[in-house]
Amino acid sequence: MDRRPRLAVWKFASCDGCQLSLLDCEDELLAVADALEIASFPEASSAVAAGPYDLSLVEGSITTAHDAERIREVRRQSRHLVTIGACATAGGVQALRNFASIGELVAAVYPSPQYIETLATSTPIAAHVAVDFELRGCPINKTQLLEVIGAFLAGRKPAVAAYSVCIECKRRGTVCVMVQGVPCLGPLTHAGCGALCPAYRRGCYGCYGPMETPNVPALAQRWQALGAPAKRFEHALRSFNAAAQGFQRE
Amino acid sequence: MPTRTLRVDYLARVEGEGALELRIEDGRLVSTRLRIFEPPRLFEALLRGRACAEVPDIVARICGICPVAYQMSAVHAIERAFGHRVEGQLRSLRRLIYCGEWIGSHALHVAMLHAPDFLGYPDAIRMARDHGDILRNALALKKAGNELIRVLGGREIHPVNVRPGGFFRVPARAELAPIAQTLERARDLAVHLVRWVAGFPFPDFERDYEFVALRHPHEYPFNEGRLVSSAGLDIDIADFDREFEERQVPHSTALHAGIRSRGAYLVGPLARYALNFDRLPVSVKALAREAGLGPVCRNPFRSIIVRAIEIVYACEEALGLIAAYEPPEVAAVPLTPRAGIGFGCTEAPRGICWHRYEFDADGNVLTARIVPPTSQNQPSMEADLGAVASAALDQSDEVLRERCERSIRNHDPCISCSTHFLRLSVLRP
C-alpha cells in the first residue's frame, strides 16, 4: 500500500500560474512525485483519486457561491491546507471588483449580463475556511513552494521571511531605485520574489502583497516627494493584492 | 428506452475549468456543447481608468501559461495608439522572449499534457516510469524556454521587464551567451521530440477548418503581420471587427468568436503552420516532411507534431536572434501618449491574441477588449467534438468519453484565459 503523504492541487478563480509553478520545478518535479503521492492534480493528471488528502495546495480566490461551497469541502478533505499565490491569499487582481459596482463591471464585458453568476466580491480562501499557511506572490516563487512542501514533509514550519523587498535588494546588492528617483513599493511589500523589479531598474509593484508591518502613510509621503501623483500611488496599491488589509490607505 | 448518462467530472490536463455536454437521441448526436464556467474575472472592465504603463502587468495575469502573449499584444496596441513603432534590437528581443514562451508552453503540452493520451497514461509522471528519458528531456526543453523568459523578463510567469516602448532593462551580450548553449542542446532535444511524437498512432481524422493566423512578409509570425485565413481573408488587424464577431452564449462565460459570413474558424499551431509553412527555415521544413507532415495538416490529433516542429523553429529562431544581438542604446523608446485607439494582435502559443484599447489624452484606458485564442476556438472545438463523438456512438461510454476528452486536448485549450473545469456529460436513451 502506498504510504506516501497524499497531495491535492485545487483551482478557484485564477490564471493557473501558481499551480504551473509546481510543473515549472523541472529539476525537482520527479523527486516531489516520489516523496508525495500526487492524488489529485487535474491540470497535470486525469487520474484523480478521492480524498482525504494530507496536503492541499489551493490556488485562486472565491468569486462564486458554488466555489464558496466547494472550498468548504476541500477543507473537510484536507489535513493541511496551504494557499498559493495572491488570488488565494488576498483575492487577486479580480478583487478590484470589491471597490466597484459588480453590475457595471459585468455589463462592460458581457452583452447579456443575466447569464453571468458571480459574487460582488473576490475574497481570499482564509475568509471562508481555516488556512494552515499562506504562500504569497503573483506568481509564487517556486523555490518557496518547494520549501513549503519540504517543511510539510518534515513536519516543521516553512522558513518564509515576512520582511520587506528592501531586505532582498540589500542582500543581492541592488542599489535602491528610490534614491535614484524611481517610486517603489518595496518598503511595503512582502519579500519572496528576490527583489526582481529593482534589479530590472523599475520600482517594485507589490505583487507579493503587504510585508509584516507596512507603513503606508510614510511611503505615500515619499512618493509625493518624488513627484508621483497621489492617484499613481493609489493605483499601485490597487493591483494584485488590492484587498489585503496591509495595502489599505488609512 | 432507458437514458444512459455518462459523466466525466472534469477533463484533466487542460489549463482551467469547463464542461462538456453531449446529447444523444435515437442513436444520433443532436448537440455538443463545450460549457465554460470559469468564474469571470472581468479584466476588460478592471482595466478602465488604468494608466497605459500598468496595462502589460495587469493583462499578464489573464494567463499564467502565456503571460508574454498578453504583454506583447498590449504593448503593440499601446504603441500603435500613440503612433510609434519599436524596431531594431528591441523588436528582436521581443521575438526572443516570445520564443521562450512558445518553447516552454509547447513542451508542457506536448510531453506532459498531450503525449500521455497517445500512450495510454493518465499523466506524465506515470508515463515517466516507462519513458523516463523522454520526460527528463522534455523537462530540460521546458526549462530552456523558461530560462530565456527569465533572463529577458526576470521570471517565467508574469515577467516584470516588458513595458510599452521596449523593456526596463536590456541584457548584455554576455548574459545571453549561456542561454545560447542551453538552446543548442534544446534544439537537439526538440528534434528528438519531433521524431518521437511522429511515431505515435494517429486516428484517421481530418476536418475542413478555416485556419486563421498572422502572416508576415518574411518571418514565421510572432508579433506582427496581417490577419489571413485559408479561405482568402487578408486584413489589417484593425479590421478584425469588420470580419469577426463575438457573441455570448448562455452555456459559457467565454464569449464565442466567429467569422461573420462563415462561422467557426481555428487559430493556433495548425493554422499558423498551414498559413506560414513557406516561412519556415529549410531545415525545419525538411524535419516536418520527415515527420510525415505536408505543408497543411488538418488532423487535430497530429497537432502534437506541429507543436514539436514549432519548438524546433523557436529554438532556431532564438539562436539566430542571440547571434545577431547587440545591446540597443536605450532600453525603451520614449512614448508620448495621445487620445486614440490602438490594436495589437500576436501569436500566443495557442493562436492569435487580439487586443483593442481606447486611450484618453493622458494615456489612460477608456475601454479595453481582449479576444483570447481559446475563446476563438470554442466553436471549432465543439465541431471537432461532434465529429469525433458521431463516429464513436456505437462505442462504450468509456471509449466515447476518452475520445471526447482527447478531441478537446488536441487544441491545448487554455480555459483560464476565458473559462473552468471541463465536465463531460453524455445523455442518451
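This is a predicted model: local features need pLDDT of at least 70, side-chain atom pairs count only at pLDDT 80 or more; totals for chains, interfaces and linings use all residues.
As for its surroundings, A:Arg201 has 17 C-beta neighbours inside 10 Å, so we call it partly exposed.

There's another one like that. A:Ala195 isn't a glycine either, and has a positive phi of about 55 degrees. You'll find A:Ala195 in the loop between α7 (165–172) and α8 of chain A. Is A:Ala195 buried or exposed? Buried: 24 C-beta neighbours sit inside 10 Å, and the cut-off for that label is 20 or more.

While we're on chain A's backbone, let's do the cis peptides. One runs from A:Gly51 to A:Pro52, with omega near 0 degrees, and A:Pro52 belongs to the loop between β2 (37–40) and β3 (53–59) of chain A. Another joins A:Cys138 and A:Pro139, with omega about 5 degrees. For that one, go to the loop between β5 and α6 (142–154) of chain A, which is where A:Pro139 lies.

One more loop residue, A:Ala120. This one is between α5 and β5 (133–135) of chain A. A:Ala120 counts as exposed because it has 12 other C-beta atoms within 10 Å. If you skip neighbours within four places in sequence, what does A:Ala120 touch? A:Arg97 and A:Ile102. And from the C-alpha of A:Ala120 to that of A:Phe99, 21 residues apart along the chain, the separation is 9.6 Å.

Okay, zooming out. Chain A splits into domain 1 (6–154) and domain 2 (165–247), and their C-alpha centres are 25 Å apart. Where they meet, domain 1 of chain A puts in 15 residues and domain 2 of chain A puts in 13. On the domain 1 side, the largest share is three residues, from helix α4 (residues 86–90) of chain A. That side comes out as seven nonpolar, seven polar and one charged.

Now the contact between the chains: 50 residues from chain A, 47 residues from chain B. On chain A's side, the elements giving two or more residues are α1 (17–23), α2 (29–35), α5 (102–109) and α8 (196–199). Of these, α1(A) makes the largest share, with five residues. By class, chain A's side has 30 nonpolar, 11 polar and nine charged residues.

Last stop, helix packing in chain B. Take α4 (residues 88–119) and α6 (residues 132–153) of chain B: the angle is about 155 degrees and the axes are 8 Å apart. They're therefore roughly antiparallel, and the crossing is left-handed. The contact includes B:Leu96 and B:Ile103 of α4(B), with B:Leu141 and B:Leu148 among those from α6(B). By class, we have 17 nonpolar, five polar and two charged residues there.

Then there's α9 (residues 269–276) with α11 (residues 303–323) of chain B, at about 65 degrees, axes 9 Å apart. So α9(B) is roughly perpendicular to α11(B). That crossing is left-handed too. The residues in contact are B:Pro269, B:Leu270 and B:Tyr273 of α9(B), and B:Ser303, B:Val306, B:Arg307 and B:Glu310 of α11(B).

Conventions. Residues are numbered from 1 along each chain as its sequence is written. Chains are lettered from A and ligands numbered from 1 in the order in which they are written. Two residues are in contact if their C-beta atoms, placed from the backbone, lie within 7 Å. Helices (H or I, at least four residues) and strands (E, at least two) are DSSP runs, numbered from the N terminus. Ala, Val, Leu, Ile, Met, Phe, Trp, Tyr, Cys and Pro count as nonpolar, Asp, Glu, Lys and Arg as charged, and the others, Gly among them, as polar. Axes are lines fitted to C-alpha atoms, for helices over the stretch in contact, and angles run from 0 to 180 degrees between N-to-C directions. Angles under 35 degrees count as roughly parallel, over 145 as roughly antiparallel, 65 to 115 as roughly perpendicular and the rest as oblique. A crossing is left-handed if the near helix is turned anticlockwise from the far one by less than a right angle, and right-handed if clockwise. Domain bounds come from an automatic or database domain assignment.
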